[in-house]
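Subject: Handover of a structure

Dear colleague,

Please find below the structure that I am handing over to you. My notes on what was found in it follow.

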Amino acid sequence: MTTLASDTETAPWPTEPTPDLLTRVSQARAKGVAWLRDRIADDGRPEGAETANSWWRAPWALCVGGAPDAAAAMMGWAEREALTDEGDLRSGPYDAPGGTSPVYHLSPLAIASWLLGRYDTATAINTTLARFQNPRTGGAYDLRDFAQDPLEDNLKTAQLGFSALVTGDRHTADGVHRWLNRNLADQPDLPHRLFTSRRGDTLVTDFPDETAFLRVVDFRAPRQAYFHPGIAAAFLAGYARQTSDASALRLGREYLALTTGGTEEQYDDPTSVQICKFGWGAAAMLTADPDGGHLPWTVRMGEWFVQRQRHDGAWAPSSFATPRPGMLDLYWKTAEHVMELSYIEHALRSTSAGTTPA
């Protein structure tokens, strides 16, 4: 069995979910929700929607964070203005940026629609999402024009898998599981480096320097895209619970071990928040694999989110990449962190340790 690195019994961070930590996690989640709500108009339109799509994850975050009414208002607006009848994003400021495929943006909207009982919207979105999954490999295409370049990406693939779990799309989820298993098996430099992209059967290990941040993670180095294992594990934990496939739990442990075996700068670098999805992955694995050593890491990440929150309730993206974040930057990052912290809180409260008085 793959174990998670580091001796958590002597760790310099809390390893048990004390009532004080749970209170602070709950308060941080509520402050983040309030910050998002304050920037939604009465008709559900998020602030800045006419400029860019920074809101795509907010309805999902509001659902799991305790504000389904705000999520419903936003989804109603999105159905009227931002989505086509076929479940794709309209062009212009509503679309995914830079010619990328809409998978990463549409998948959270499918999740929110399903959680809100808007099954027609979720089904339409899933129909569009299916176009962007390689039917043979199970990977999600990175670009909207995938006929020009059929690149597949770990981030979009795992996100696609998570919405497939929520909406009961077993065929899509099976493909994502297949892709994540194959991609890890093909890695040439574990546990140090994870290559995150493929073209069909070929792992991408040769890429221009300017795309390296998106294509390879060196867990020994600072300022990397450390989020890749976490989102993979979040999907694999849910897939294991939905299918009773024990191999998915083993694979989830292997992904998380890349993070726990990496540099402490993942957590301690004040200019980086790239570790955030590890908290989601650890929490998901804690619920699916309670004896797998995930509790201390889930606790640590709960504390991490609390400490990284701004006084006004927002969270900011990594300052090494976005040194002067504007409202749009804060909006997408706060929505992401509300979602992730909500799953951490859910996992901690569902454990016996989370309900035991100090």
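**Salt bridges**

Arg 24 counts as partly exposed, at 24% relative accessibility; that class lies between buried, under 20% relative accessible area, and exposed, over 50% (1.4 Å probe, protein chains only). Please note that this is a predicted model, in which local features need pLDDT of at least 70 and side-chain atom pairs count only at pLDDT 80 or more, whereas totals for chains, interfaces and linings use all residues. Residues are numbered from 1 along each chain as its sequence is written, and side-chain values use heavy atoms, with hydrogens and water left out.

Which residue meets the side chain of Arg 24 in a salt bridge? The partner is Glu 303, at 2.8 Å from N to O. A salt bridge is here a side-chain nitrogen of Lys or Arg within 4 Å of a carboxyl oxygen of Asp or Glu, and the structure holds 27 of them. Arg 24 lies in helix H1 (residues 19-37) and Glu 303 in helix H13 (residues 295-308), so this pair ties together parts that are 279 residues apart in sequence. Helices (H or I, at least four residues) and strands (E, at least two) are DSSP runs, numbered from the N terminus. Glu 303 counts as buried, at 16% relative accessibility.

Asp 153 and Arg 215 form another salt bridge, with their closest N and O atoms 3.9 Å apart. This pair also links distant parts of the chain: Asp 153 belongs to strand S1 (residues 152-153) and Arg 215 to helix H8 (residues 212-215), 62 residues apart. Both Asp 153 and Arg 215 are buried.

A further salt bridge joins Arg 349 to Glu 345, where the closest N and O atoms are 3.1 Å apart. Both residues lie in helix H14, four residues apart, about one turn of the helix. An α-helix has 3.6 residues a turn, so residues three or four places apart point the same way. Arg 349 is partly exposed at 38% relative accessibility, whereas Glu 345 is buried at 5%.

**Nonpolar cores**

A nonpolar core is a set of buried Ala, Val, Leu, Ile, Met, Phe, Trp, Tyr and Cys residues joined through side-chain atoms within 4.5 Å. The largest one has 103 residues, and Trp 55, Trp 60 and Leu 180 have the most contacts inside it. Helix H14 (residues 327-350) gives the most to this core, with 10 residues. Leaving aside residues up to four places away in sequence, Trp 55 touches several others, including Pro 46, Met 74, Trp 77, Tyr 94, Leu 109 and Tyr 331; contact means heavy atoms within 4.5 Å. Another core lies apart from it and has six residues, among them Phe 195, Leu 203, Val 204 and Val 216.

**Helix H12 and the cysteines**

Helix H12 (residues 276-288) has 13 residues, which at 1.5 Å a residue should span 18 Å; its end C-alpha atoms are 19 Å apart, which agrees. The expected span is 1.5 Å times one less than the number of residues in the helix. H12 is mostly covered, with 12 of its 13 residues buried. Among the buried ones are Cys 276, Phe 278, Trp 280, Met 285 and Leu 286.

How many disulfides are there? With a disulfide taken as a pair of cysteine sulfur atoms within 2.5 Å, the count comes to zero. For Cys 63, the nearest cysteine sulfur is that of Cys 276, 20 Å away. Cys 63 counts as buried at 16% relative accessibility, and Cys 276 also counts as buried, at 2%.

**Backbone features in loops**

A cis peptide bond joins Leu 190 and Pro 191, with omega about 5 degrees. Pro 191 lies in the loop between helix H7 (170-185) and strand S2 (193-195).

Arg 223 is not a glycine, yet its phi is positive, near 55 degrees. Arg 223 is placed in the loop between strand S5 (216-218) and helix H9 (228-243), and is partly exposed, with a relative accessible area of 40%. Ser 244, also a residue other than glycine, has a positive phi near 60 degrees. Ser 244 sits in the loop between H9 and helix H10 (246-260) and counts as exposed at 67% relative accessibility.

With kind regards
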